[in-house]
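Have the sequence and the 3D view open as you read.

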Amino acid sequence: MFLSTASVRRPVAMSCLIIALSLLGINAWRTMGLELMPRTDVPFITIVTVFPGASPEQIETDVAKPIEDQMVTIDGLKHVSSACMENVCQTMLEFQLHVDVDIAATDVREKLDLIRADFPEDVEDPQILKFDINAQPIINLALTGRADLEALYDYADNTLRDRLTVISGVADVELIGGAEREVRVMLDRERLAARGLTSLDVVAAVQQGVRTIPSGRVRQGGTEFTVKFDAEFEQVEHIGDLELINQTGQRCYLRDVGQVRMTTAELRRRARVDGRECVAIRIVKRGEANTVAVVRAVREAMDRLNRRLPAGMELIWVSDNGHFIEATVHSAWLNVAEGIALTALILFLFLYNVRMTIIVAITMPLTILIGLFVMSAVDLTLNTSTLLAIGMSVGILVTNSIVVLESIARRLVETGDPKTAAEMGTSQAAIAVLASAGTNIVVLLPITVMGSLIGLFMRPFALTMLIMTAVSLFISFTLTPILCSVLLKEGTTRPGILARMERRWNRVFGALINAYGAVLRFNERHRAVALLVLVAVFTLLVQSFFTARALGLGFFTEPDQGQVIVKLEFPTRYDLGKTVGRTRDIEALLKDTPELEHMLTTLGKVEGIIGQSSEGVYLAQVLLTFSQRTERAVSIRELQQQVRRRLQAVPECTVTVSVPTIVGGQSYNIEMEIAGPDLGRLDALALTAQEAARGLSGFTDTDTTVRIGKPELRIRPNRAILGDLGLPATTLGLTLRANLEGLKAGTFKRGDRSYDIVVELAEIEGKQQVGEFLLPGAPGRPLVLEHLGEVKQTLAPVQITRKDKRRISKLLANIDSRKALGTAVQELSQSFEEAADLPAGYEYNFAGDYELMTETQAELGEAGLIAIVLVILSLAAILESFKQPWLILVTIPLALPGVFWALALTGRNMAIFVLMGIVMMIGIVVNNAILIVDQMNAHVREGVPRHKAMISAATERLRPITMITLAAVLGMLPLALGRGIGAELRNDIGIATVGGIFVSGVLTLVVVPILYDLFTRRSGRGH
């Protein structure tokens, strides 16, 4: 082998290269970003279109449908969904994964430009938001204190926002609670009508009387003067001096019909922290920024900000993602260190050779360091996927070194020269090592090209495993023989106790080898017994499939981030004040929850997932932050159940209790979508589905999108009367809007800040006021609105949900952590179909987690088949045989009983990471068979009969196979048993791979020799 020979003959040169690569790895580890999830462009785009004062039905007709009609013409679009709510339309576009999100955003912008002129006049310009999984809110702050809410919001908006947005890595600062300052002109309706004026007249007067107009320039004597017409007011109260009309010498000023005040816009959102009024501050990081670095920078800025806060204000740090990410990374590295230590321990147990143990203890960390350098070079970060891959690779990295070390040790006994033994041993082990590493590499290649959404998160995992395996191969052929040639000595005496322990261990293991050889020879002589063994193994395999069916299919296991999110939805008739009162009662029920550190309540807006949110004054969300997992005895699931029990009897409130998703925000495990034309029929079907879900075990937080409509006053104009009066219908509508919502009429400037001037009627209570609005008529005879049209009270839909240009209603539910997602969907589908008779034109399907899960499972199945084909081809190429690879491939299904039994014993299900682990094990479990077949071929070349060669190879390889299997199992055991922060993400795949590798290792030693004997006995040939 060229590499090993060159390394042994020129150890200094090769050592310099390895040292240089290791130093680069240390530098990469120091500078690599720390993230929770891999950086990737997820092709989601959200269009937010605001239509002030519009109902969901109006928004569906005037905004959502035109947008959808244009968006479906864009190439690569997968789904288009719209949520039509009061005042706003959210249109979410999901593209195929091959679509460049930046190009898609440009296409969306161009399509919107085509229809912008067709929107109603008051529709604001649509906002196009690209979803970046890494550009998420990472810090929650709260500004509170004795100061009033207006002062708190003003300071947060104009001082804290400016201080925080200049911090490196911060993309945006979102404020919830309070409202921006503005100049409000509050008109007295009776005085206004008495002078024959409407609110539109006041709006026109402000628009014409408050404005700065650049007028040009003049020149005199070589000097140029700019000319500016300045009709601005310097003081707010001076705006009242604006003249509205001048009739017969009688002037009417703005102050005569109303008041002008500097105040805030109407409050539609509120926030509370630990029972006190506050302004909630959410800091959003840039997509490319390091989360941990941004959190540290903001913490440092907090000290300066707190020192400069005005008297009576307090800035509270509620929660952040940085600590969880740091703790997750630390926990993962601890698992890696534990795996290395356990692997070294098992090697020492077999070898009782301190020098060989030192060699392994040196090569494994250096493999990881050099791997980090390569990872950094291909722009990978340290995140959940890559750290999981590094942890999984610990048990695999040592495989190559063990094979090489065992071969070198045998040659050392024969030759007595460490250098010669290092060269010969490495060369003779090259085929086995290449075959082992080659199979590990080829099974990862299909995962790197997966096209599903989850594939984007699996790709860094597969790339990291591929890098670590390739680096391990390089180290096995370079550093391992170098260290062996330097450190190993023939006949080196060991301390007395170690020598005695080694002799005893060798006697025990020698007896095991003899017994194993006797079993193989017995099976060879008694074919019926061998067949019974195969039948027993096949029976175990079939039984394991029944176990797998009972496990069910799952998605991700959400980690314990120390947070619980409570979504509160009150009746849609509630105003903000009543919502605040009800929320205070709920806070009182939760304030003494064990381990609670902070409680941040936001009212008026509820955050969802993938940039989605719901708005309305009847909505509230409570973020409960608890002490870290390692600091408390109860799990987050137990705390979640406590919160759910405390709130189960709350009247007139839909309560949803969940933990944050791994990508941020709040979502449901089950999203059942029922599509059809009629909203009433859809709502009835959704309620039927909800009843079906409530009758099943394991379903919690069941909810639907069905809501009692919000009370609405609808004015239908009497066109005949309006025609006689010469009054356009739109003028009447705009007057109504100015009276109630208010219209922006101008801008007031003070210093470097500007404030909107909003004209509206002074607010009074009572719905009867709408019909009593006075409009100008004949002198002294104002018109009453109810005489110009019909005022009718109705119920307007709170939200209309659409998907792929069809109306839908949804059933939403969470499931118990012990219930598999696939099982839950199957049970719900069966129960719903029994309870409901779907009319023609109506259909249902499952979106969200289940849709992603089914797509990913299909792709993993495809990746598994491709991996098997690649393994066959690589083994055939290395072994120069098309028949022997089939014998090796028999070991692949032998891992499945171990996987399924391990999951069943620990109460886990077949999550996505488990399926990925099964695909990855295709390249691992074949290693034992490769060692046996490679050794058998060596004996055949020496002239040993084939059947005897197989038995000799199996017995001779029992020791390295046992070492490899136990090293792999113990290397991954910390992943399976880890209880640190973020360990939930690693436990499933750790448990599955430990069980699969162990059982496969045991069964391979029995099945491979039997199969070889049975299928070659008739022909007497091994090929």
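Predicted model: local features only at pLDDT ≥ 70, side-chain atom pairs only at ≥ 80, totals over all residues.

Let's start on the inside. In soluble globular proteins, nonpolar side chains tend to be buried together. Here, the largest nonpolar core has 189 residues. The residues with the most contacts inside this core are Met 375, Met 392, Phe 461, Ile 670, Phe 699 and Leu 828. Which helix gives the most to this core? That would be α29, with 19 residues. There's also a second, separate core of 36 residues, and Val 202, Ala 205, Leu 743 and Leu 775 are among them.

Zoom in on Met 375 for a moment. Leaving out residues up to four places away in sequence, Met 375 touches Met 32, Leu 380, Thr 381, Leu 382, Thr 386, Ile 390, Thr 464, Ile 467 and Met 468.

Now back to α29, which covers residues 912–941. This helix packs with α32 (residues 984–1016), and their axes are 9 Å apart. How do the two helices run relative to each other? The angle between them is about 30 degrees. Angles under 35 degrees count as roughly parallel, so α29 and α32 are roughly parallel to each other. Their crossing is right-handed. If you sort the residues in this contact by class, you get 17 nonpolar, seven polar and one charged.

| Residue | Element | Relative accessibility |
|---|---|---|
| Lys 810 | strand β29 (residues 806–815) | 17% |
| Leu 783 | strand β26 (residues 781–784) | 23% |
| Ser 472 | helix α15 (residues 453–477) | 2% |

Ser 472 counts as buried because its value is 2%. Leu 783, at 23%, therefore counts as partly exposed.

And who are the neighbours? Again skipping residues up to four places away in sequence, Lys 810 touches Glu 671, Met 672, Glu 673, Ala 686, Asp 703, Thr 704, Thr 705 and Thr 801. Ser 472, counted in that way, touches Thr 367, Leu 397 and Asn 400.

Finally, a couple of distances.

Definitions and conventions
Residues numbered from 1 in each chain as written. Heavy atoms only, no water. Axes fitted to C-alpha atoms, helices over the stretch in contact; angles between N-to-C directions. Helix = DSSP H or I, 4+ residues; strand = E, 2+ residues; numbered from the N terminus. Parallel < 35°, antiparallel > 145°, perpendicular 65-115°, else oblique. Left-handed = near helix turned anticlockwise from the far one by under 90°. Nonpolar A, V, L, I, M, F, W, Y, C, P; charged D, E, K, R; others polar. Buried < 20%, exposed > 50% of the residue type's maximum accessible area, 1.4 Å probe, protein only. Contact = heavy atoms within 4.5 Å. Core = buried A, V, L, I, M, F, W, Y, C linked by side-chain atoms within 4.5 Å.
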